[in-house]
Amino acid sequence: MRSAETAEFKGGVLPLLVGGGALVYLLAIGDSFLQDSDTFWQIETGRWILAHGAVPTTDLFSFTKSGAPWMSSSWLAQVIFALAMQAGWVGPVIVTAFAAASAFALFAAYLERYASALMTTGLTMLAVTLTVPHLLARPHVLALPLMVGWFIGLIDAADRKAAPRWALLIVIALWANLHGGFGLGLLLIGPAALEALRQAAPAQRLPLALRWGAFGVAALASCCATPYGWNTLIAATKILSLGEVLTTLGEWAPPDFSRFGPFEASILALLGVALWRGLTLPWPRLLLVLGLLHMALAHVRSIESFALLVPLALARPWAEQFAPRPAPLPVAKREFVLPGWAAVAAVVAIIGTTIVVAPRLTYQFVATQMPEQALAAAQRNGAERILNGYEFGGYLISRHVPVFIDGRAELYGEAMVMDMFRAVAGRDTAALDRFIATYDIDATLLPAQAPIVGLMDRRAGWHRAYADDVAVVHLRDRQ
């Protein structure tokens, strides 16, 4: 533990250095943020919102689900990306990098209260390593600093044996407008409340429980402070009802442990420390860590939550059990405080420098998600109802072409998405027949390496019209 003077002197300096360093690194790898065609329809949705001054309530982009109910739980992030796109791809890349770097800065700001500068920096670098593979120009990244700030507010309140400050509700309300992952924020209230009650004196537990309960209800209500109201809660849970689809989409699949990687190393290190040094956790924090670990083992996309929240949950127990004396500061004097005027000036300088440098930065979307020439060939031949590959949906939406399917799996439903995956893999020709007949398909635009391409080459009444390394177009023969 450090003394009160040291903590005050270092507060804000290390997080700014870490956040600034992370920003530089993320801008250097900015092309990696542009690898998911969902980015296209996110931006187009934002443009539609700006043009109409409203949020969508029905499908805007497909011919298979046109007019079907659909809500965009990430409407605010989509507007931000649409505005950023006015500068070209550099805009969404910078927005994504700033959001992620802010999350890492908040992460470091909390850790440095309990750990040395070396350990804080090391843990932040590990968090960056684990998080980077899922950093894409998509709404979930804009919510990362809110997730970290929200958890810090909860765990800080628990350590003060108090309920969270009401101002924290602004964070989850903003989170609910940025991304549907705010449900995790609601779930985090439970273990934080239990930790607060565990630490409180017996006589204080009932009134404290009532205050936490009131905060929980207020947080739930705050999540409805969106253009969709209480329907926001329904929209956020639809993706979880997709069943088999979640085992097929890469970000919802479990991690691959066939090769040793940073995530496995992190789990082994955590287990090794617990066995070697005897690190013990209060039971509410233990349940929290196990829950976050379970989520990360179940879905790749949850590794970022594990990376950013588990060290925060372990920070105080680690310091109390292993940090050298002097004794820890009174918890009441270790509240999370934003940096002062110097930190604000540094942030302004970082933003200003980025704006100046931005015109010199160039980024390109990954070519395998952009079947530009194949789409042009299909349109030259008069194709109107194109059965497109799942990964091409976003690009077609950006070209204002009504799509057969795209990344909004919750709109299309488990049955249609899985039929599409099996058909493209060449395992279900009956599903392909149903699609062609039901939706009067006159062209297909499919990934060049997909097994279905060979089947279409041999399909009676169809012919190959165009092919390149990205996509292949087949047209129905005119009668």
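So, a salt bridge here means a side-chain nitrogen of Lys or Arg within 4 Å of a carboxyl oxygen of Asp or Glu. Side chains of opposite charge can pair when their charged atoms come close.

Quick housekeeping before the residues. What you have up there is a predicted model, where local features need pLDDT of at least 70 and side-chain atom pairs count only at pLDDT 80 or more, while totals for chains, interfaces and linings use all residues. Residues are numbered from 1 along each chain as its sequence is written, and side-chain values use heavy atoms, with hydrogens and water left out.

Okay, how many salt bridges does the structure hold? There are 16. Let me start with Asp419 and Arg434, whose side chains meet in one of them, at 3.2 Å from N to O. That pair links distant parts of the chain: Asp419 sits in helix H19 (residues 409-424) and Arg434 in helix H20 (residues 429-438), 15 residues apart. Helices, by the way, are DSSP runs (H or I, at least four residues), numbered from the N terminus.

Is Asp419 buried or exposed? Asp419 has a relative accessible area of 16%, so it's buried, which means under 20%; exposed means over 50%, and partly exposed is in between (1.4 Å probe, protein chains only).

Now on to Arg285. Arg285 forms a salt bridge with Asp159, and the closest N and O atoms are 2.6 Å apart. Here again distant parts of the chain get linked, with Arg285 in helix H14 (residues 283-298) and Asp159 in helix H8 (residues 144-159), 126 residues apart. Both ends are tucked away: Arg285 is buried at 2% relative accessibility, and Asp159 is buried at 1%.

One last stop, back on helix H10, where you'll find Leu194. Leu194 is partly exposed, at 35% relative accessible area.

Definitions and conventions. Helices (H or I, at least four residues) and strands (E, at least two) are DSSP runs, numbered from the N terminus.
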